[in-house]
Amino acid sequence: MDINFTQEEISFSEEVRDFVSKHLPSDVSRKVLEHKRIGKDDVLRWHVALYEKGWIAPSWPKRFGGCDWNSVYRHIFDVESSALGAPRLSPFGIGMIGAVLMAHGTEAQQNTYLPKMLSGEEWWCQGYSEPGSGSDLASLNTRAERKGESYVVNGQKTWTTHAQWADKIFCLVRTGSGTRKQEGISMLLCDMNSPGVEVRPILTLDGEHEVNEVWFQDVEVPVENLVGEEGKGWSIGKFLLSHERTAIAGVGVSKRELAYLKHLASIHHYHGKPVKEDPVLSDRIAELEIDLLALEMTVLRVAAGEVSGREPGPEASILKIRGTEIQQRLTELQLEVVGQSALPHLPMAWGDHWMGETPGALHAAPLAARYLNTRKTSIYGGTNEIQRNIIAQRVLGL
Amino acid sequence: MRFTFTDEQTLFKDGLDRFLEKNFSLDARRKMVESKEAHSEHVWAGLATMGALGVPISEGSGGLGGAGVEAMIIMQHLGKHLVLEPYLSSVILAGGLVDLCGSEFQKKVLIPELVAGEGKLAFAHAEQLNDEGGELLRTTATQSGNNWVLKGEKKLILGGATADRFIISARTRESNDQNAGVTLFIVESLDESISGKAYPLIDGSRVLDIQLNDVEVGPESVLGTIDQGQSAIDCVNDRATAAICAEALGIMEVVHEMTMEYLRTRKQFGSALSQFQVLQHRAVDMFINIEEVRSLVMNAAAKAWSDNPYERVRAVSAAKALTNRAGRLVAQEAIQLHGGMGMTQELPLADFVKRLLAIELMFGGERFQRLRFANAEDQGSEKTVFVSPKKRWKQI
């Protein structure tokens, strides 16, 4: 056992820091660090910078244009770039459907979609959840009927993140029926500009437009856009859940937000003294910091295991649960530290061109909304209750 | 970066596990805690034969040159089997002090005996139990000719009842700084000027309180530099804290497995308890806590032997704070999920839960350790920047 980073890993962190500080647009990093609203253009500029460097697809093999970084390198990249205020890249293309196509797609699909995913020319979104199918995803009933050389899709997807920015959507649809509800599900790739696709915004608790309903009315999808075999989409869809387990913990962003929390605790006061001197709050901050350290070490255990060719052990299954709990606790404590400063609700203050004054502290203005927004993390990607069911059954054998 | 054990470590781990499986049982433990030794010479001798007693002592001092990771492996297995042997007190605490500050002669006398299982040591340090971490030592050592005279009392000496020698911390210089003026002395436990009483802790292990009634020792008894014992004490306390977290991890794993087995076999309302989702989720939370502890135990093991106090304190205090919180959750949930049976002395669970409780209470509680974690300061980050002279002298 040797849990120190190797010399190569240390040089790599330095290389990442150096690149990010030179090439991450400073207005973008400022928005990220100050919790301002991030637009597609902000993400895209960072995406293109990484693309030009050849760093846009960390886990992809080199022959597809990826970096072929192992999971320890990916963790280092996540931590170093997040610390400097890199925005979260869209995960749906390179991280999700790209990985699916490399494993299950036809050569034609790979040639058509992967290069534009890398360059940022085409953006993707994910069509999984439906109004009646949340945790019980396999009950989905958006239908695709084969007619000649096309599937005709009818139904509705929901909670589709950034569908308003997307050019393409990958969907789970029902193409047949079987004895089990998991049978007869297929995965289709669909152009968002196809006639019959309609995107309707859903405003979340923070008042922001991040997720959408996506409606399909007689949408024609060419049969060559079927991924894998017809009726076998469920196992492909699940492939995503086991892919890149370590990223879901969100350690990089949480470390950045912890540093920000400590900063807030030094500039906000109780009875004239910095909040960090309050024994109760400083204890809670220390507790959170220790839990984050445990999470990071767990991520590294999983990552190092992957590097040495082991299947992720049971420890991998806890990453989503603890990672998201920590993200939520960070927003709760930030809010508690700034207190009434976060009361003013001025969404324009976290937009692009705000030059005005805010009644509270400017940095505190987005924190209440961010707290509300972060409640999603224990719901998306399989609720934390579903995660516990999975651990109970698959790991503990209950 | 590698979290797996080397072949050598794995071989040692498996050998230790087999030995303890064969030579230590819970029934035997229950009889042992009633005896005044409260451990088994047979098991101690077996650990010596395996080389376990020399593992975390440096080669230069006569040990096997292992460190935190090896100590973690051993302690995790002592926890798994709930072994009573004074490994922590004799090898890691007292043995560590001899290793860190002993003279060549002291090492030559003490370490081979310790490694062979023929001489046990104990570290006598605590005095006031109501001021954790803040105590100013009251035990004094005053010079009398070439000799030193020790006076005071020491409490809660782990492994004290069976130790052949004590390492005693005493104040040799007046100071209000708890870190200054502390010296370590090696004293024979048979010394007639020492009186004491042994008593059990909540987990059945036995400790000792002693009175030092003008104990006179020669200059050869001074361990390390006079007045400068505190940093070595901090060092071995951190090592022991990391080690006891590994022991707790071994215990928690057993407690969790016992509880899973109970959920799978116990039936109510016509089905196994394991079928109830509310119980499944509680079982999962126990599991998550244990995996988190494992991560920080590994981190502490890797850093507890470090010379960098900042790195050491952060890793060790984080591990102990989390171990305490998780240990309490695991124990409480195990009792609750066992229902009425969980309340009985009869189940083996009882012994494991009580040892977890004892571990929680020693070497600093949850809040205490978090405070220490938060207050640790990175001395290393204040790098001295060398500024070269700017002035250019006129050359003749």
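This is a predicted model: local features need pLDDT of at least 70, side-chain atom pairs count only at pLDDT 80 or more; totals for chains, interfaces and linings use all residues.
The domains of chain A come first. An automatic or database assignment divides chain A into domain 1 (7-89), domain 2 (123-234) and domain 3 (244-395). Taken over C-alpha atoms, the centres of domain 1 of chain A and domain 2 of chain A are separated by 30 Å.

Lys31(A) belongs to helix α2 (residues 26-33) of chain A. Is Lys31(A) buried or exposed? A residue counts as buried if 20 or more other C-beta atoms lie within 10 Å of its own. Lys31(A) has 20 C-beta neighbours inside 10 Å and therefore counts as buried. When residues up to four places away in sequence are not counted, Lys31(A) touches Lys36(A), Ile38(A) and Asp42(A). Between Lys31(A) and Ala265(A) there are 234 residues of separation in sequence, and their C-alpha atoms are 20 Å apart in space.

At 1.5 Å a residue, the 17 residues of α8(A) should span 24 Å, and the end C-alpha atoms are 25 Å apart, which agrees.

After α10(A) comes Gly339(A), whose phi is positive, near 55°.

Chain B is next. Its domain assignment gives domain 1 (7-119), domain 2 (123-228) and domain 3 (231-378). The centres of domain 1 of chain B and domain 3 of chain B, taken over C-alpha atoms, are separated by 22 Å. The contact takes 21 residues from domain 1 of chain B and 25 residues from domain 3 of chain B. On the side of domain 1, the elements that give two or more residues are α2 (26-32), α4 (68-80) and α5 (87-101) of chain B. Among these, α4(B) gives the most, with 10 residues. By class, this side of domain 1 of chain B has 14 nonpolar, five polar and two charged residues.

With 18 other C-beta atoms within 10 Å, Met258(B) is partly exposed. Its neighbours within four places in sequence left aside, Met258(B) is in contact with Ala334(B) and Leu349(B). Met258(B) and Val353(B) are 95 residues apart in sequence, while their C-alpha atoms are 12 Å apart in space.

The two chains also meet each other. How many residues of each chain take part? There are 30 residues of chain B in contact with 33 residues of chain A. On the side of chain B, α7 (230-265), α8 (277-303), α9 (309-337) and α11 each supply at least two residues. The most come from α8(B), with 13 residues. The side of chain B that touches chain A divides into 18 nonpolar, six polar and six charged residues.

Two helix pairs show this contact in detail. Two packed helices are described by the angle between their axes and the distance between the axes. The axes of helix α12 (residues 384-395) of chain A and α8(B) come within 9 Å and cross at roughly 80°. These two helices are therefore roughly perpendicular to each other. Among the residues that make the contact are Ile391(A) and Val395(A) of α12(A) and Val284(B) and Phe287(B) of α8(B). The contact of α12(A) with α8(B) has six nonpolar, three polar and one charged residues.

In the other pair, helix α9 (residues 279-307) of chain A and helix α11 (residues 366-375) of chain B pack at an angle of about 85°, with axes 9 Å apart. They are therefore also roughly perpendicular to each other. Asp283(A) and Glu287(A) are among the residues of α9(A) in this contact, and Arg367(B) and Arg370(B) among those of α11(B). The contact of α9(A) with α11(B) divides into four nonpolar, one polar and four charged residues.

Conventions:
Residues are numbered from 1 along each chain as its sequence is written. Chains are lettered from A and ligands numbered from 1 in the order in which they are written. Axes are lines fitted to C-alpha atoms, for helices over the stretch in contact, and angles run from 0 to 180 degrees between N-to-C directions. Helices (H or I, at least four residues) and strands (E, at least two) are DSSP runs, numbered from the N terminus. Angles under 35 degrees count as roughly parallel, over 145 as roughly antiparallel, 65 to 115 as roughly perpendicular and the rest as oblique. Two residues are in contact if their C-beta atoms, placed from the backbone, lie within 7 Å. Ala, Val, Leu, Ile, Met, Phe, Trp, Tyr, Cys and Pro count as nonpolar, Asp, Glu, Lys and Arg as charged, and the others, Gly among them, as polar. Domain bounds come from an automatic or database domain assignment. A residue is buried if 20 or more other C-beta atoms lie within 10 Å of its own, exposed if 12 or fewer, and partly exposed in between; C-beta atoms are placed from the backbone. The expected span of a helix is 1.5 Å times one less than its number of residues.
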